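Reader: I have a model open and would like to go through part of it. Can we start with a side chain?

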Number of protein chains: 2
Amino acid sequence: MTHSTSPEAVPAESAPTASYFQRHIFFCTNERQNGEACCAQRDALAAFERCKLQIKAAALSGPGQVRVSKAGCLDRCTAGPVAVVYPEAVWYSYVDASDIDEIVESHLKNGQVVERLLTPAYLGR
Amino acid sequence: MTHSTSPEAVPAESAPTASYFQRHIFFCTNERQNGEACCAQRDALAAFERCKLQIKAAALSGPGQVRVSKAGCLDRCTAGPVAVVYPEAVWYSYVDASDIDEIVESHLKNGQVVERLLTPAYLGR
């Protein structure tokens with residue numbers, strides 16, 4: 001690799017658009033120590049594990065397919081528990097296991113956003 | 001929110017494209033227990049903290065701007081330590097603190113990809 005400097009830099013918007021993973025979902029599993037609400041209190045780890053197992057069982061893991069990752073605080077605590085699917089940047093607020101199943105079936109397998117679970121745009125930290 | 005069913009679902013590709021965060025960088029800080037190489041062994045946590053402090057100092061944190069998050073295994077261990085910037089899906093393999101500084105200055109602040117740090121496409125798990 002060459003050590004190019006800024007004149008050779010490429011604007012991010014014109015970088016190759018093929019994502020290494022077609023869809024990369026991050027589950028906030030952050031645990032706050034100050035007693036404030038956090039995704040970890042709301043079974044986020046179980047949701048992550050459920051999603052990951054389903055993607056693996058469907059043989060959808062790997063480059064060009066789906067990756068399921070844990071994440072630290074995603075800074076939308078008031079909407080938690082949350083997960084975000086990139087590169088589409090689609091945010092979900094889920095409640096229970098059946099919500100995870102629907103995100104997997106509809107969005108991660110078939111590319112259809114689950115509208116009823118979308119995080120309201122105004123909900124942040 | 002309505003409980004819509006699949007006929008009302010929206011294809012992910014036609015979902016609103018405005019990302020809640022303009023750029024969301026995830027640092028793999030995963031620690032493997034089996035002795036295999038992992039990002040945590042390679043000072044990934046320090047890199048995450050350095051990046052986060054710089055973004056905060058530049059007042060670039062928050063909705064519409066930049067978010068810096070930790071992540072579990074991103075499954076590109078042979079290229080580690082790695083970080084990925086979404087929604088652009090730009091992957092970096094960094095080595096030291098100056099690499100982090102360059103990613104912050106060039107990409108996160110100014111939208112210019114740092115080509116010399118791009119993770120080679122063929123490097124995965």
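Reader: What joins the side chains of B:Arg32 and B:Glu36?
Author: A polar contact of 3.0 Å. A polar contact is a pair of N or O atoms within 3.5 Å; within protein, one must be able to donate a hydrogen and the other to accept it, and residues adjacent in sequence count only if both atoms are side-chain atoms. The model is predicted, so local features need pLDDT of at least 70 and side-chain atom pairs pLDDT 80 or more, while totals for chains, interfaces and linings use all residues; side-chain values use heavy atoms, without hydrogens and water. Residues are numbered from 1 along each chain as its sequence is written, and chains are lettered from A and ligands numbered from 1 in the order written.

Reader: Is B:Arg32 buried or exposed?
Author: B:Arg32 is buried, at a relative accessible area of 17%. Buried means under 20%, exposed over 50%, partly exposed in between (1.4 Å probe, protein chains only).

Reader: Where in chain B is B:Arg32 found?
Author: In the loop between β2 (23-28) and α1 (44-57). Helices (H or I, at least four residues) and strands (E, at least two) are DSSP runs, numbered from the N terminus.

Reader: New topic. How many residues of β2(B) are buried?
Author: Six of its six. B:Arg23, B:Ile25 and B:Phe27 point one way, and B:His24, B:Phe26 and B:Cys28 the other.

Reader: In which sense do β2(B) and β3 of chain B pair?
Author: Parallel, over six bridges. Pairing takes at least two DSSP bridges between two strands. B:Phe27 has B:Lys70 as its bridge partner in β3(B).
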